[in-house]
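I opened this entry to keep track of what I looked up.

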Amino acid sequence: MAGRIAVAAAFLALAVVPAALAQAPGPAAAPSGPPNVTAILEKGGQYTTFIRLMKETQQDTQLNSQLNSSFGNNGGGYTVFAPTDNAFNNLKPGTLNSLTQQQQVSLVQGHVLPNFYSMDSFQTASNPVRTQASGRDGPYTLNITSDTNNQVNVSSGVVDVRINNALYSTKPLAVYSVDKVLLPLELFGAKAPAAAPTASEGKPKKGGSSDASSPAGSEDSEPTGAASARAVGWSVAGLAAVLGYLL
């Protein structure tokens, strides 16, 4: 009897162990391929305007191609600040339409950093932080700071905003949600004041020639009419003297 019980217990153990192993959670699977920034934003559900801008400027294709190149080769990676649809809705009407195609490219690239930053690594970021955008004066930059509560803020020089939750943060890509569009200083900064007008070219110069500056009838020039009258007077006086002598 005891032998039968032992055999039954052995079979029960053999049945329970595989079942337990099948139910035990295994380690998280590594990503099978490079991340796709468009798919991450679409999953977020509130970034349709930013996705549209990326597609219209072909920055989605460019960034995904760069991610493919850097995936698995320990490259620097990329960081994207993704403005929500509400962020775009809060812009002044016509802001996006006022930009040229190249300026729209720069606007999108100004939200992309050519390095991977985790929330912790933002604490030691060296400002100014270079973005993917560049212009005549060099690359567009951002300033990234953190406060005593470890809240991270980013500034474009025109807009300051706090970095919200991470939509994705696995090297080579980090995507963070922001509640404002990071308007680049190079595109939306205060314009330089116009140059002051030059002195009037018609202003008289000191020490100018007398014929240009002296008024008519001045002491330096005698009117022609007065000279003629004086000559006539002398002629009449001479004629009277001759007649007096003859008479």
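My notes follow, topic by topic.

**Sheet**

I am working from a predicted model. I began with the strand order. The sheet is open and has seven strands, in the order β2-β1-β7-β6-β5-β4-β3. Its pairing is mixed. Which strands stand at the edges? I found β2 (112-113) and β3 (129-135) there. Each has a single partner strand, so one side of each lacks a neighbour in the sheet.

I then checked what packs on the sheet. Helix α6 (residues 101-109) does, and it touches β2, β3 and β4 (138-146). The direction of α6 makes about 175 degrees with that of β3.

Strands β5 (residues 152-155) and β6 (residues 160-170) run antiparallel and are joined by three bridges. I picked out Asn-153, whose bridge partner in β6 is Arg-162.

**Helix α3**

I asked which residues of helix α3 (residues 48-56) are buried. The list reads Thr-49, Phe-50, Ile-51, Leu-53 and Met-54. What covers them? The cover includes α2 (37-44), α4 (59-70), β1 (78-83), α5 (85-89) and α6. I also noted Gln-58, which follows α3 and has a positive phi, near 65 degrees.

**Salt bridges**

I searched the whole structure and got three salt bridges. I went through them in turn.

Lys-55 and Glu-42 meet through their side chains, 3.9 Å from N to O. With a cut-off of 4 Å, the pair counts as a salt bridge. It links distant parts of the chain, with Lys-55 in helix α3 and Glu-42 in helix α2, 13 residues apart. Are the two ends buried or exposed? Lys-55 is partly exposed at 44% relative accessible area, and Glu-42 is partly exposed at 48%.

Arg-52 and Glu-56 form another salt bridge, at 3.3 Å from N to O. Both sit in helix α3, four residues apart, so about one helical turn separates them. Arg-52 is partly exposed, with a relative accessible area of 39%. Glu-56 is also partly exposed, at 41%.

Arg-162 came up again here. Arg-162 forms a salt bridge with Asp-147, and their closest N and O atoms are 3.8 Å apart. Arg-162 lies in strand β6 and Asp-147 in the loop between β4 and β5, 15 residues apart, so I filed this pair as a link between distant parts of the chain. I read a relative accessible area of 41% for Arg-162, which is partly exposed. Asp-147 is partly exposed too, at 29%.

**Rings**

How many aromatic pairs are there? I counted four. Tyr-117 and Phe-122 form a stacked pair, with 5.4 Å between centres and 5 degrees between the planes. Both Tyr-117 and Phe-122 are buried.

I moved on to Phe-122 and Tyr-176. This pair is tilted, at 5.4 Å centre to centre and 55 degrees between the planes. Phe-122 lies in the loop between β2 and β3, and Tyr-176 in strand β7 (residues 173-178), so the pair ties together parts 54 residues apart in sequence. Phe-122 is buried at 1% relative accessibility. Tyr-176 is buried at 0%.

Last, I traced how the rings connect. Ring pairs link Phe-81, Tyr-117, Phe-122 and Tyr-176 into a cluster.

Technical notes:
Residues are numbered from 1 along each chain as its sequence is written. This is a predicted model: local features need pLDDT of at least 70, side-chain atom pairs count only at pLDDT 80 or more; totals for chains, interfaces and linings use all residues. Side-chain values use heavy atoms; hydrogens and water are left out. Two strands pair if DSSP finds at least two bridges between them. Helices (H or I, at least four residues) and strands (E, at least two) are DSSP runs, numbered from the N terminus. Contact means heavy atoms within 4.5 Å. Axes are lines fitted to C-alpha atoms, for helices over the stretch in contact, and angles run from 0 to 180 degrees between N-to-C directions. Buried means under 20% relative accessible area, exposed over 50%, partly exposed in between (1.4 Å probe, protein chains only). Rings of Phe, Tyr and Trp (its six-membered ring) pair if their centres lie within 6.5 Å; planes under 30 degrees apart count as stacked, over 60 as edge-to-face and the rest as tilted.
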